[in-house]
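Work through the exercises below with the sequence and the 3D structure at hand, and try each task before reading its solution.

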Amino acid sequence: MMSKPIIIIGKGGHSKVIKDIIETTDQYHVAGYLDNAIDEYYTDNDIFYDNLDNIKQYKDVYSFIIAIGSNHIRQKLFHKLEVKIDQYATLIHPTAVVSPSAKIGYGTVVMPNAVINADSIIGKHVIINTGAIVEHDNQISDYVHISPNATLAGGVIVGEASHIAINAAVIPLIEIGERCIVGAGSTVINNVKTESTVIGTPAKIKEWI
């Protein structure tokens, strides 16, 4: 089976990891990059580079992946670009361990050595980063980022566009609302209301001065 051409949206550091994942699979090959920082079209080593404003001319031919770490920007771009959801690839690094009963949405990327266990549901355009652990029966909403080595125990719910930072831990059956930030190294033992930032062990709401 021939691999499908895919365009990476974004040309920052996150896109380098995405490119590495694509190159480990036989399903896709990198055809080009689209980014607003690219002034004009050019090619290099059979890969094209173009401004994101020109995406219309590529929509009917290519698959896509949004390689941008910011949850807000990923969400904003998805709605702005008007690319059909099934044109977005789901990318899983071969070293990741994903249960056959887990469900993973379009546009989501599962990085090296991540674990997604039984009956977890991962939404669209989610990042499950390097070494992250998503235990059984989790519900991870769209545009979430689970950072490297973060651990979510069983039955955790994470709301849309929330960010669980590096090395954070969440105990079983916790609910984290939408657009939340769980600080690096935090331990979450209580539910987190929408649009909150929590830090520390145990994690508490950060008071902004």
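**Exercise 1.** Find which residues I128 is in contact with, leaving aside its neighbours within four places in sequence.

*Solution.* Begin with the ground rules: this is a predicted model, in which local features need pLDDT of at least 70, side-chain atom pairs count only at pLDDT 80 or more, and totals for chains, interfaces and linings use all residues. Residues are numbered from 1 along each chain as its sequence is written, and side-chain values use heavy atoms, with hydrogens and water left out.

Next, take contact to mean heavy atoms within 4.5 Å; with those neighbours set aside, I128 touches V109, V110, M111, A114, I116, I122, V134 and I146.

**Exercise 2.** Describe how the rings of F78 and Y143 are arranged, and state which parts of the chain they tie together.

*Solution.* First recall that rings of Phe, Tyr and Trp (its six-membered ring) pair if their centres lie within 6.5 Å, and that planes under 30 degrees apart count as stacked, over 60 as edge-to-face and the rest as tilted. The ring centres of F78 and Y143 are 6.4 Å apart with the planes at 50 degrees, so this pair is tilted.

Then locate the two residues: F78 lies in helix 2 (residues 71-81) and Y143 in the loop between strand 14 (139-140) and strand 15 (145-146), so the pair ties together parts 65 residues apart in sequence. Here helices (H or I, at least four residues) and strands (E, at least two) are DSSP runs, numbered from the N terminus.

Finally, both F78 and Y143 are buried, where buried means under 20% relative accessible area, exposed over 50%, and partly exposed in between (1.4 Å probe, protein chains only).

**Exercise 3.** Name the residues that form one aromatic cluster with Y41.

*Solution.* Y41 forms this cluster together with F48, Y58 and Y62; of these, F48 and Y62 are both buried.
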